Amino acid sequence: MGKRKKTLDMRCVLFPDDVKSTFGKGGKARTSTPASKSWERCGDSFLDSAVIHKLQTSEKKSRTASKVALTGSKGAATDEAVNIAWSSSEEEDSDGDNNPPPPAPRQPLRAQKQRSVDQHRSLRMFSTGVDTDELPTIDSDSEIEEENSASKEHSDFLNPAVSPAEISDYSSYDCNDEDPNESRAESSLAADTSKQSVSEWIRSAQAILQTPQKQTTKTIKTPEDSSKKRRRFERGGLAERLNRLHSRQRSAISFWRHQCNSTTSAADRPGVLTLRIVGVREECGMQATLCERLPEGETCVALFNKDTAVQIQPVPGDIVHIYPPWQNLILEGERYPIILNTHFSQKVCMEIKAESAEGPKSAVAVEKCRPPPLTRCLWRSETSQVSTERSVPCKQVVELASTGVRKSLLDAVEDCGPSGSQSGPVEVVVQRVYCIPITQSLHRASLQHRALAKPPPESAQDIGRLCALVQDGYGMFGELLLQCVSSDSEIQQVSDELEGRVCLLRAFRVVQRLTRDRCPSLFSLIDSVWPPPVDLKSGDDLLQPPSDGVSAPNFCYRLSVQQGHMTVLSGQTESAVHRPAELQTLREILQDESLRCRCSFQAIVLHKQTLSSNESEREILLFVTDRSLQNESNTEKSRSVSVCLSSSCLIRSSVTQALDTQRKPLILKFRDAVKEHGQIFCWEQTVIQLEEESFSIQWPIILDNLNPETQLFSLCSVTGVIVAVDENTAFSWPICCRCESCHLEIRENEKEFLCLVCGAVMDEPSTKMQLEVFLSCSSLSHCTVKIKLQQKTIKSLLSSTRSSEGHNVEHVLGSEIGPLSAFVHIVNRSQTVWIGLEELSFD
Amino acid sequence: MGSSLVSVAEQLLKDLQRTYSEIKQIPDDLLIALRFVFGPCALQALDLVDQHSVTCVSSPSGRKAFQVLGGSGRLYTCFTSCHYCPCPAFSFTVLRRNESLMCKHLLAVILSQAMGLCQQEQVSDQQMTHILSRQPEAST
């Protein structure tokens with residue numbers, strides 16, 4: 001330190017300003033040792049003077065350095081010159097400011113930002129006690145004032161009248177300076193130095209010496225000053241303090257970084273955080289990284305400001321060391337603790353490819369967090385402070401308390417994010433379970449592909465895909481696509497297991513967001529289970545008042561769930577939120593005025609009519625009735641109803657079998673069928689099940705009488721008189737007695753018939769007949785009614801007219817038949833009414 | 001998902017208010033934390049606070065607004081109910097680039113409120129109307 005002081009003294013003597021300007025003008029090389037030695041000799045003489053000694057002891061870092069009391073004597077002795085030079089340079093050094101020595105003796109104070117970097121460096125060399133980091137930063141008010149005054153004096157004082165060569169002589173003195181930044185090189189100036197005589201030096205010094213102009217003008221902080229980089233803060237104010245703290249911190253950071261590059265980091269030093277980055281997100285200029293603390297493994301969020309982020313470039317998978325001081329903040333309402341003040345961070349490069357990255361690394365695309373809404377003030381006055389505290393999301397707290405299982409489907413869906421990753425677990429109630437045909441599920445699987453999910457493998461025997469309509473505690477619905485099934489029993493098993501229960505959805509993927517417009521069928525089902533029988537939870541986990549006025553949601557999500565990811569939560573028999581399907585009578589259903597509603601009922605199947613057997617367009621009409629319609633008192637409604645089974649509805653094989661074999665009586669239970677515009681449909685959410693004899697009906701079945709309003713594809717009862725016979729379609733042919741097959745062969749003896757199908761031999765085969773007759777009905781006038789008769793009716797009709805030659809048409813005419821149950825399969829109302837019927841038998 | 005930075009900022013402001021009400025001074029660590037969370041505008045905001053640039057303007061109707069005398073001498077009006085400042089720095093840095101939580105004026109308003117250093121001013125309802133409707137006014 002003493003040595004440095006000595007150096008300073010020497011510099012003072014040697015018009016440091018000139019020397020500085022030399023450096024400022026391009027960093028002239030310092031002279032070599034021989035020259036400096038010569039200079040030192042020169043300088044030594046001054047050192048001996050008492051004045052200099054006295055000055056040596058003064059504080060270097062003196063902000064409150066008094067203004068220079070310069071004497072005006074021009075012809076000062078060297079002592080005086082030394083005196084003056086010393087004081088001014090001292091101030092200059094302490095202030096750390098410099099103005100380029102103006103060419104004219106009295107230069108007004110230059111704007112401070114004209115200071116060049118070189119001058120800074122030179123200043124650093126000269127300024128021994130001042131913090132180097134203070135130089136480029138905004139200085140305090142007082143400092144600047146003194147700098148101004150000092151530099152003003154300085155500029156006046158030191159007139160660079162000396163030649164550069166002379167100045168360089170003086171610069172050789174700096175070889176003793178300890179500042180490592182300065183480089184020294186040999187130059188020919190050494191030679192020049194020797195030529196320089198002391199007298200010349202004195203003369204030049206004197207030329208520079210003059211009474212410095214006391215700086216009176218202060219730069220007033222004018223309104224336009226806000227654009228200036230340097231600000232003068234209020235002394236003792238918060239800004240000044242922060243400025244000081246921040247500069248100190250900045251210098252510490254840069255020093256640390258410099259040190260880090262040279263030394264190897266020791267991860268096991270106490271206080272050093274080791275984090276593995278899991279995710280990076282940008283939040284309002286800072287980078288928030290989700291990290292795992294190693295080796296404990298707990299998750300936290302580390303915030304890095306812009307500078308640090310640029311330095312370490314966090315990327316998922318990186319390991320980062322954070323050196324103290326850092327701060328750990330645990331906030332209520334935040335899931336993880338937050339690490340702040342992460343200035344001293346260092347990335348540990350693990351992969352080779354990270355090292356090979358050269359040049360400026362391209363900015364890794366980081367997800368930007370949605371900016372906070374403008375309606376959310378970060379600070380509220382006292383009155384509303386209370387409300388802010390109350391509105392801390394309790395939902396999150398409650399959720400965390402219960403082992404991390406979400407109660408809200410919407411939250412879980414949001415967690416999936418746009419990338420379609422898996423999310424869960426969520427607690428839901430299963431309202432309905434149904435199965436969609438495999439052809440339909442293929443379409444949905446294609447959507448799944450889009451959602452980056454692997455659809456479950458479908459084997460050849462799969463008949464359908466199970467789906468479930470679920471609802472969470474807040475009322476939100478979701479349609480789950482579960483596993484594929486290959487048998488009826490599987491469907492039944494899963495339905496029994498899940499329906500009405502509270503289940504845990506461990507993992508799911510979002511396939512689609514559905515809206516009411518796009519999926520009217522699903523939403524008609526949702527409407528049928530709305531409103532829920534118990535109060536739902538609102539966002540604050542408070543029970544809402546009964547949601548009578550609240551309408552059902554207009555959107556829901558279709559989610560895909562892999563097998564095994566949905567489990568029933570034990571301990572629950574049936575959830576209170578579950579709203580099972582209510583069975584109604586057909587009469588009630590028909591009386592319902594709504595345009596579209598879901599209905600569930602049990603009914604006897606009277607007749608099945610296949611309208612189109614095309615697999616994809618399969619449409620089957622089932623004619624059903626129940627006791628309510630068969631009841632005597634039912635006069636306004638029809639006696640039978642047709643139910644249309646669309647291709648989207650999966651019909652279980654047991655039902656199909658029962659329908660095909662025409663087992664009588666066949667009772668089916670329809671759940672969640674749709675009644676639209678008076679017609680009942682079975683869509684994909686409808687479940688049809690076989691019902692054992694749950695009710696009996698009085699036979700014979702009563703049907704509506706045929707009347708002019710009889711609709712196509714309906715059942716009716718007809719009575720009439722035969723007026724004509726369609727001879728073109730009148731056939732009779734032999735059939736096997738046993739199997740009723742028409743593949744008969746006459747044996748050789750022409751006496752016996754052999755059935756090719758079953759091998760029976762018979763003498764007299766049975767006869768099958770087909771006869772279509774025209775009727776005249778009293779209820780219908782001016783109507784042509786044609787009916788295709790059943791076997792039994794034909795037989796009874798013809799038996800009365802049997803003759804040996806066969807059957808005579810005339811004998812049939814005029815007979816009255818009926819009441820017959822018939823299916824109206826043609827209605828032609830173009831010119832005259834033409835109705836075609838098919839007789840049905842229900843026995 | 002919420003922003004953790006916003007939560008940290010809220011907590012910091014609460015702590016600041018509590019500490020200042022107790023010891024009438026802001027400790028160094030809170031100052032540095034302000035700089036960390038709010039970025040470069042923290043220093044300028046503190047400067048505005050030092051100079052008592054924030055005025056809470058209230059009218060007989062009960063309306064309140066905050067007026068900040070910016071460095072350039074311009075008066076910026078901020079409100080109690082929303083997070084907005086008409087200065088160009090806010091429009092650019094906060095709204096457009098989303099690089100900062102707020103501008104120096106807003107932070108100055110918040111800090112002045114937290115520390116109770118707002119100047120109070122009573123104006124008539126008509127003047128308040130002018131202020132709220134952002135009619136051009138004399139800036140100083």
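# Notebook: loops, rings, a barrel and a helix pair

I started at Asn341(A), which sits in the loop between strand E6 (338-340) and strand E7 (345-348) of chain A. The model is predicted. I looked up the backbone there: phi of Asn341(A) is near 55 degrees, a positive value in a residue other than glycine. Is Asn341(A) buried or exposed? Its relative accessibility is 12%, so I put Asn341(A) down as buried, the cut-off being under 20%.

**Another positive phi.** I then went to His677(A), in the loop between strand E19 (666-676) and strand E20 (679-682) of chain A. His677(A) is not a glycine, yet its phi is positive, about 50 degrees. With 64% relative accessibility, His677(A) counts as exposed.

**Cis peptide bonds.** I noted a cis bond from Pro324(A) to Pro325(A), with omega near 5 degrees. Pro325(A) belongs to the loop between strand E4 (319-322) and strand E5 (327-329) of chain A. I noted another cis bond from Trp530(A) to Pro531(A), where omega is near 0 degrees. I found Pro531(A) in the loop between helix H19 (520-528) and strand E14 (555-560) of chain A.

**Barrel.** In what order do the five strands of the barrel in chain A close? I read the order as E22-E28-E29-E33-E32, with mixed pairing. From one strand to the next, the twist averages 55 degrees. I checked the pairing of E22 (residues 715-725) with E32 (residues 816-828), both of chain A: it is antiparallel and runs over six bridges. Leu715(A) faces Phe823(A) of E32(A) across the pairing.

**Aromatic pairs.** I searched the whole structure and got nine aromatic pairs over all chains. I followed the ones at Phe823(A).

Why is the pair of Phe623(A) and Phe823(A) edge-to-face? The ring centres are 5.4 Å apart and the planes stand at 65 degrees, so the pair falls in the edge-to-face class, which needs over 60. Phe623(A) lies in strand E17 (residues 619-625) of chain A and Phe823(A) in strand E32 of chain A, so this pair ties together parts that are 200 residues apart in sequence. Both Phe623(A) and Phe823(A) are buried.

I next took Phe713(A) with Phe823(A). Their ring centres are 6.0 Å apart and their planes are at 10 degrees, so this pair is stacked. The two residues are 110 residues apart: Phe713(A) is in the loop between strand E21 (687-691) and E22 of chain A, and Phe823(A) is in strand E32 of chain A. I compared the accessible areas. Phe713(A) is partly exposed, at a relative accessible area of 30%. Phe823(A) comes out at 0% and is buried.

I also logged a cluster elsewhere in chain A: ring pairs link Trp256(A), Tyr323(A) and Phe344(A).

**Helix pair in chain B.** I looked at H2 (residues 28-38) and H3 (residues 41-50) of chain B. Their axes come within 8 Å and cross at roughly 125 degrees. H2(B) and H3(B) are therefore oblique to each other. Which residues meet? From H2(B) I listed Leu31(B), Leu34(B), Arg35(B) and Phe38(B); from H3(B), Cys41(B), Ala42(B) and Leu46(B).

The UniProt record gives "zinc finger region: SWIM-type" for residues 76-114 of chain B. I checked that span in the model: it is 51% helix and 10% strand, and its end C-alpha atoms lie 19 Å apart.

Key: Residues are numbered from 1 along each chain as its sequence is written. Chains are lettered from A and ligands numbered from 1 in the order in which they are written. This is a predicted model: local features need pLDDT of at least 70, side-chain atom pairs count only at pLDDT 80 or more; totals for chains, interfaces and linings use all residues. Side-chain values use heavy atoms; hydrogens and water are left out. UniProt positions are given in the numbering used here, feature names are shortened, and annotations may be inferred rather than shown by experiment. Helices (H or I, at least four residues) and strands (E, at least two) are DSSP runs, numbered from the N terminus. Two strands pair if DSSP finds at least two bridges between them. Axes are lines fitted to C-alpha atoms, for helices over the stretch in contact, and angles run from 0 to 180 degrees between N-to-C directions. Rings of Phe, Tyr and Trp (its six-membered ring) pair if their centres lie within 6.5 Å; planes under 30 degrees apart count as stacked, over 60 as edge-to-face and the rest as tilted. Buried means under 20% relative accessible area, exposed over 50%, partly exposed in between (1.4 Å probe, protein chains only). Angles under 35 degrees count as roughly parallel, over 145 as roughly antiparallel, 65 to 115 as roughly perpendicular and the rest as oblique. Contact means heavy atoms within 4.5 Å.
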